[in-house]
Amino acid sequence: MAMIEIRNLVKRYKDTIALDHLNLDIEEGEIFGLLGPNGSGKTTVINCLLALLKFDKGSIKIFGEEMQPDSYEIKRQIGIVMQNVAVFDELTVSENIDYFCGLYVPDRAKRKKLVEEAIVFTGLDGYEKKRPNKLSGGLLRRLNIACGIAHKPRLVILDEPTVAVDPQSRNKILEGICQMNRQGSTIIYTSHYMEEVEQICSRIAILDKGKCLAMGTKEELKNMIKTGEKVHLEGIRLTGPQLETIRHMPKVFSAVYEEETLTLRFEGNGNHLLGLLHYMDREHITCGRCFSELPTLNDVFLEITGKELRD
Amino acid sequence: MKVYKGYLIALKRNLSTFVLYCSIFLAVAVGMVRLTSGESNPGSYQQTRLSIGVVDRDNSLWSKTLVEYLEAYHKVSSMEDHMDTLAEAVYSTEILYAVIIPEDFLGTYILGEQPVQTLTESGSQWEYYVNGRIDSFVNTARVCLAGTESPEEAARQVLETAQIQGNVVLESSREDLAVYNVFRFMPYLYFSILCFVMGMIQKEYQNIDIRRRLLASSLTLKSQSIQSLLAFFTIGVFCWVLCECIGIVTCAGQFWASPNKWLIVLNGFTIMCGALAASYFVGSLAKTAAAVNGMANVFSLGFCFLGGVFVPLELLTGAVRKIGQFFPTYWYAQNISILSFNSTLTDSLQRKLIQGMVIQILFAFACIAVALAVGKARRQEE
Amino acid sequence: MFLIMKRQILVNIREKANIFWTMFFPLILATLFHFTLGGLLGQNEMGEISAAFVLEDTASSAVEGDAFFEYLDHLDQEWLKLTPMSDEEARAALKEDEILGIFYGGRERRLVIGENSIHTSMLSQLLDIYEKNETLLNRIAQEHPEKLPGAAAELAGYRASTETVSFGGRSMDNVQNYFFALIAMTCLYGSFMGMYNTVGVQANTSALGARLAAGCVKRYESITASLLSAWIISFAEVAVLLFYMDVVLGDIDLAGQIGRILVICAAATLYSSALGMVIGTVGSLSEKLKNGLVVAVSMTCSFAADLMISGVKGAIEKYVPLINRINPGALTTDAFYSVLVYEDAERYFRSLGLLAALGLLLLGIAVLSMRRMRYESI
């Protein structure tokens, strides 16, 4: 049985549908990515999951039980990192972490150890006595995370934790998430940065306009679409018949030749660059630069919705 | 003149907020003026009439005579016979004095030795004042009872004595109470409005980014400071004209009749300078809007309370008067009192007047000097 | 729950603006009140009145022997300080405000004063009584000469015949009410704390609230914690103010009444905290707007309790007494009055009961609207 089961979830805000019959299954031990553009319903799913929002239809089960506002036993095992930094400006770094950890762990001695671990884990050592308004953006995000995960929850929900964070802090955060996962936490990760999701998530659901468009591992997702390898050849001079020959090569479904640059798209799996180079060698065609790209989640999103993820 | 214009634009942009605050301060000031200016100067002698409550438990000829007798001197109202009602009425100053006319008023109290119970603020002037009147009644009644045939005749005679009044002459020196009461509150208006409004604007200019941008420009620090002071001065003068006009309108008749009217307005100008300098100080020091708000309130309330603006100087105790002398409001209040209560200014009064104005101006310079020094120190520290 | 409370209190105390307005501002006002209204406190107290006596148009310049002077001199009124002077001296003294009036004896008795005030009225009252007695005796001598000795004897036995009722030596000075109103205002400021703390635990009003709601803290615990922390802090602030006003400044005298006064303050701060909580739960207004609302409500209540101008509460009592029964400011000053000015147990318990009951009512409303945990939108 899945750790989290979401069935037919519908949430309306007056006239707009935020979630449209959403179904999700999240297994224990995975890093599950919720990918979608801004306003696609990622945060709404999270809020429904935490029973903070009313929804119109559907059911949510966590750890096999129906999630209710007073399901304190379930909540005890969840850690949440909100999209907005939610910490007290008047408390120091360690006091903040201690406070939020204290919502889950009443035992003081045990908490002290957990807080120290969380500080080391998020790399906030040296800043314990500082107030949040003295921290840089990246450190503040890390504090936000530390507050959510200090009690070592079984399920960690991170809602866009890397918004407006410098690359160094981002890498640190992503590494940390993988480490938590290795230590046994299941992770739900929402983002509109496909690179991050691709980098760390074991399974991904693509959301748009409150619907789940596709779900699976990244390979599965990429297999769902027609586009496979993409090959770019720059500084290439082709005659008309040569271009026609290339167009009719196996698996090629699109060839665009403009300003001495050729872009080829191949169907399905497999690499086709070598075959192409062989042909060019035979025909004595030279080129300046050539490279091959495997499909990205952006391609998946593009092909499913017809628009770019970053729109 | 970019900096100069910037201030005026900032003022214009926040006009609605400022109008709102100005009207609040104005309402408070007008309320205070109305509260304190109950007395008027009729020009001839008038005996002070107090509100007196009477409880008549006796309901006899003599109790009624006492009530009628008191009515000749005071505003008398009949009260419920409840101690707590009486106490509350006295406490809330609805009445200042209550007398309970007991049963058997004639036997036990007029002819006997028992005193009549009264209720008022113990040790107060009203206690002595009305007690004297009631004593006089009781004694006169005894004299009349001894000197006439019947009680009715005695009572009539007692009442007739109420018509007798000594010859009292009021040698009036000039007293412009209305002018005094209205213009005494001016510092509150200046300090609250200027500290709040100018403090907010000046704080904006203290914003690090704006300051760095200005520092990076070709303007010299000196020219920046001069321009900002000039902008302050412009707005201050505007505020001065506005507030003094409001003051004049409030008591137009007395103001135009006063021989010292232009000195009063000049005195207003000096305190405006003091308030303006204080606002420059507040704006240079405060870092957040909340801090401006807090400082403006503390400055305006503190200066006005301790400087004899809210409570006349004569009522301040010695220690407070000494502390008050450090505030420009004290000298303002002293000047206003000189100007309102003297028609001719003697040499010593004139000297006092000029001294007061000079001190107000000196205060302004001191404030600006400190603010500029703080500003300079801050620039270097960043 | 204690952890939430502890943190909430810490957060409230470290929030500078909050502490400035709810604690230091009342302390500053109390100090200012002390120095200025302190002068007013004794304003109505009877002091000494100086007057001059000038003898005119008589052969001898010795005032002794003049009947009017003898009368004034033997009045035995401790407040009158009478000095015989020459006319020029007296006029100069009057101009310099050294004396308040000049009694002229001799052929034409009169009183010359420089201003209309209760003090000069008292001087004129003395003249009146003298004239009155003289007229009276003349009249009796004419109408009933046989009774003149008796009447004259009565007149000689002039005595005070009044006695002021005192309430255990407590002052009836109305200026005290400003101090009571200040305490009431400080109690009312508890609503700020109630509002902040409520906004902080609701998912739909702040991100922190959402985090708290997502945690496994029971709802009733977080509500109770936010109320208790607000209540404790505002009560502590009022206690500090009371201590300052009683011990340091000495403007109010709590001797022997501390228990009852603290009970009032506890009830008043409960009321205010609950009021703040209700405002905190109202709709989805921004915190800034709610702050404005709290300022407006607390200042209106203070105004109606005579903080700025005295007489407002009395006028309300006359026309819409109901307002005084629900305004926490008026209820607090009422309760203070019934303890410190005029002992009135009924009124004390009525005010206390109303404060507590209305506080609990508001608390109920706040809890009902906070009990919800799932929101339509966040």
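This is a predicted model: local features need pLDDT of at least 70, side-chain atom pairs count only at pLDDT 80 or more; totals for chains, interfaces and linings use all residues.
In chain B, domain 1 is made of residues 2–40 together with 177–381, whereas domain 2 spans residues 51–161. The centres of these two domains of chain B, taken over C-alpha atoms, are separated by 51 Å. For chain C, the assignment places residues 2–41 and 173–371 in domain 1 and residues 49–156 in domain 2, and the corresponding separation between the domain centres of chain C, again taken over C-alpha atoms, is 56 Å.

Two pairs of chains touch, and of these the pair formed by chains B and C has the most contacts. Chains A and B, by contrast, do not touch, their nearest C-alpha atoms being 15 Å apart.

At the interface between chains B and C, 67 residues of chain B are in contact with 60 residues of chain C. On the side of chain B, the elements that give two or more residues are the helices α2 (15–36), α4 (83–91), α6 (125–147) and α14 (289–306), along with the strands β4 (116–120) and β5 (168–170). Among these elements, α6(B) provides the largest share of the side that touches chain C, with 18 residues. By residue class, this side of chain B comprises 30 nonpolar, 28 polar and nine charged residues.

The contact between chains C and A involves 24 residues of chain C and 23 residues of chain A. On the side of chain C that touches chain A, at least two residues are supplied by each of α1 (2–14) and α9 (207–214), and α9(C) gives the most, with seven residues. The residues of this side of chain C divide into 15 nonpolar, two polar and seven charged.

Taken together, chain C touches chain A through a side to which α9(C) gives the most residues, and chain C is also in contact with chain B, where α6(B) supplies the largest share of the side of chain B, while chains A and B do not touch.

Note on methods. Residues are numbered from 1 along each chain as its sequence is written. Chains are lettered from A and ligands numbered from 1 in the order in which they are written. Domain bounds come from an automatic or database domain assignment. Two residues are in contact if their C-beta atoms, placed from the backbone, lie within 7 Å. Helices (H or I, at least four residues) and strands (E, at least two) are DSSP runs, numbered from the N terminus. Ala, Val, Leu, Ile, Met, Phe, Trp, Tyr, Cys and Pro count as nonpolar, Asp, Glu, Lys and Arg as charged, and the others, Gly among them, as polar.
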